[in-house]
Amino acid sequence: MARELVDMAVRFLREYVRASDLAVAAAVLFACSAARSRLATKPGAPMLWPVFGILPALFAHFDDLYDWGSATLARAGGTFPYRGMWGGGSKGVITSVPANVEHVLKTNFANYPKGPYYRERFAELLGDGIFNADGDAWRAQRRAASAEMHSARFIEFSAATIAGLVRGKLVPLLEALAERGAAVDLQDVLLRFTFDNICAAAFGVDAGCLAEGLPDVPFARAFERATELSLARFVTPPFVWKAKRLLGVGSERALVEATRAVRGFAERTVAERRAELSKTGALAGRCDLLSRLMSSPPPPDCPGGFSDEFLRDFCISFILAGRDTSSVALAWFFWLLASHPDVESRVLADIARAGGSDATGGGSRMEYLHAALTESMRLYPPVPADFKEALEDDVLPDGTAVRAGQRVIYYTYAMGRDKASWGPDCLEFRPERWLDGRGAFAGGAESPYKYAVFNAGPRLCVGKRFAYAQMKAVAAAVLARFRVEVLPGQAEAVRPKLNTTLYMRRGLMVRFAAREQRHEPGRAVPAAGEEETDVGTTTS
């Protein structure tokens, strides 16, 4: 009976309905649905189109998406709903309201894990590593990371590693570039530095990215490729990338090859370290994260000690978390200094008081530099947006309803440019906003839910101290020795790249010139061939 009805319906359509009739009906239905959506759209928020959702608005503002998103959130009161293309499974809200962020990251933390949507897309690269874990698996790794990274031995080791890499590789490279007057992509140099540094801290190995001639390093190339292909899943409909994964073709085949190389390197390193431990009974002199985890007493929830798979995934996550963020933050920092000579002058004076070219990022010195880096990340956060997925229905503090399975995207880039949080000068680069009346860094009193650059709540970045030490050491060593001259004509080129990390779209081309004279506070740092001039300094 059912088959007969279907056959009758098909014959009716063939005899009485033309393709043009269907096209007209679809167009009318689309127009009516669009009109209803427009009427239901929150004032100031982007329209959610039938079928395409928010995608038309995103494509229309592709070249300035970050600034458009910030302006749109301001017009919409700080929160608006979004929906991706039908079939993509992406739906939720975008917010820049600190109270909402605190609710998601702290108050109702248990209801907002990373969720299966995120974990599935990074499964091949990160496995069950801390960056991709939820629940008990995340808590176990969090405890291990906090215990080891905050230990005196690891802090001392990481400071020595940073200093050795700066003096042994970065400075000689920049000296050679300065002697030749050669231009170089500063973002690439910084990415190479942080990759070498994070591999040394995580695995105790030299990746060799800063070797003479800036060679191509297979592990670094594979890691970058695996990261890019994993991120591509976030903008590709699931039925597309899952089909490609099933068939083993295209980008999914490339992802398998790249992650095989990354995991192979990590597994070999873990196996070699395990063999060394079995042979000698101790890892004497090794203080990298892998060695400390391997040789530390087993935790109560893991009486047999950490497995090789746990160590592999943990260290890969650590590299992913630390590889790009510090380098990207430093690139934007140097870019901002190039157009703010008064700030650069005060940074130089701060470095000089801390020991000049011998200053390091450790301790509490160089507080103005610390403030300048913090201010730079307010305007250009290394991770411009992040999200969590709701387990159950919820209502955010501003009254926005969130359904189970929906995502809450907190827009860090917009949060740093919010007049309600930072005042009418929120778009100005002014490190003094982070200092107290005595010139000491006072940013610790600022709410982490207003400045969520290092995440907040239980998932607050365990590597925050490491990141600041790394950035301050690099900035001090470079600025004390060199003038960083940004090549002209890059105003349009130096714009954020659409990515989960705020890369500069085409890098930052610079030249380094040896700094031959000392600069005092209140005096601008001249470009090559110019005389020094007095400038006014901004006071808090």
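## A strand pairing as the point of entry

Glu 389 has Arg 407 as its bridge partner in strand E7. The structure is a predicted model, in which local features need pLDDT of at least 70 and side-chain atom pairs count only at pLDDT 80 or more, while totals for chains, interfaces and linings use all residues. Residues are numbered from 1 along each chain as its sequence is written, and side-chain values use heavy atoms, with hydrogens and water left out.

## The chain as a whole

The chain contains 20 helices and nine strands. These elements are DSSP runs numbered from the N terminus, with at least four residues for helices (H or I) and at least two for strands (E). Of the 540 residues of the chain, 51% count as buried. Buried means under 20% relative accessible area, exposed means over 50%, and partly exposed lies in between (1.4 Å probe, protein chains only).

The accessible surface of the chain comes to about 25100 Å², and 57% of this surface belongs to carbon and sulfur atoms. Such areas come from the Shrake-Rupley method with a 1.4 Å probe; for residues, only the protein chains shown count as cover. Among contacts between residues at least 6 apart in sequence, 70% join residues at least 24 apart. A contact here means heavy atoms within 4.5 Å.

## The four-stranded sheet

Strands E1, E2, E7 and E4 form an open sheet in the order E1-E2-E7-E4, with mixed pairing. Its edge strands are E1 (79–83) and E4, each of which pairs on one side only. Neighbouring strands of this sheet are turned by 25 degrees against each other on average, direction ignored. Helix H6 (residues 115–126) packs on the sheet, where H6 touches E4 and E7, and its direction makes about 120 degrees with that of E4. For such angles, axes are lines fitted to C-alpha atoms, for helices over the stretch in contact, and the values run from 0 to 180 degrees between N-to-C directions.

Strands of a sheet pair through backbone hydrogen bonds, either parallel or antiparallel. Strand E7 takes part in both kinds: E2 (residues 91–95) and E7 run parallel and are joined by four bridges, whereas E4 (residues 386–389) and E7 pair in the antiparallel sense over four bridges. Two strands count as paired if DSSP finds at least two bridges between them.

Beyond its neighbours within four places in sequence, Phe 334 is in contact with Leu 186, Leu 190, Ala 475, Val 478, Leu 479 and Val 484.

Val 104 belongs to helix H5 (residues 98–107) and counts as buried because its relative accessibility is 1%. Not counting residues up to four places away in sequence, Val 104 touches Phe 109, Tyr 112, Lys 388, Leu 396 and Val 408. Val 104 and Phe 387 are 283 residues apart in sequence, yet their C-alpha atoms are 9.4 Å apart in space.

Thr 194 is found in helix H9 and counts as buried, at 1% relative accessibility. A polar atom of its side chain lies 3.1 Å from the backbone oxygen of Leu 191, and the side chain of Thr 194 also reaches the backbone oxygen of Arg 323 at 2.7 Å. A polar contact is a pair of N or O atoms within 3.5 Å; within protein, one must be able to donate a hydrogen and the other to accept it, and residues adjacent in sequence count only if both atoms are side-chain atoms.

## Two loop residues with positive phi

Leu 214, in the loop between helix H9 (186–203) and helix H10 (218–232), has a phi near 45 degrees, a positive value in a residue other than glycine. Leu 214 counts as partly exposed, at 21% relative accessibility. Asn 455 lies in the loop between helix H19 (419–422) and H20, and its phi is near 60 degrees. Asn 455 is buried, with a relative accessible area of 16%.
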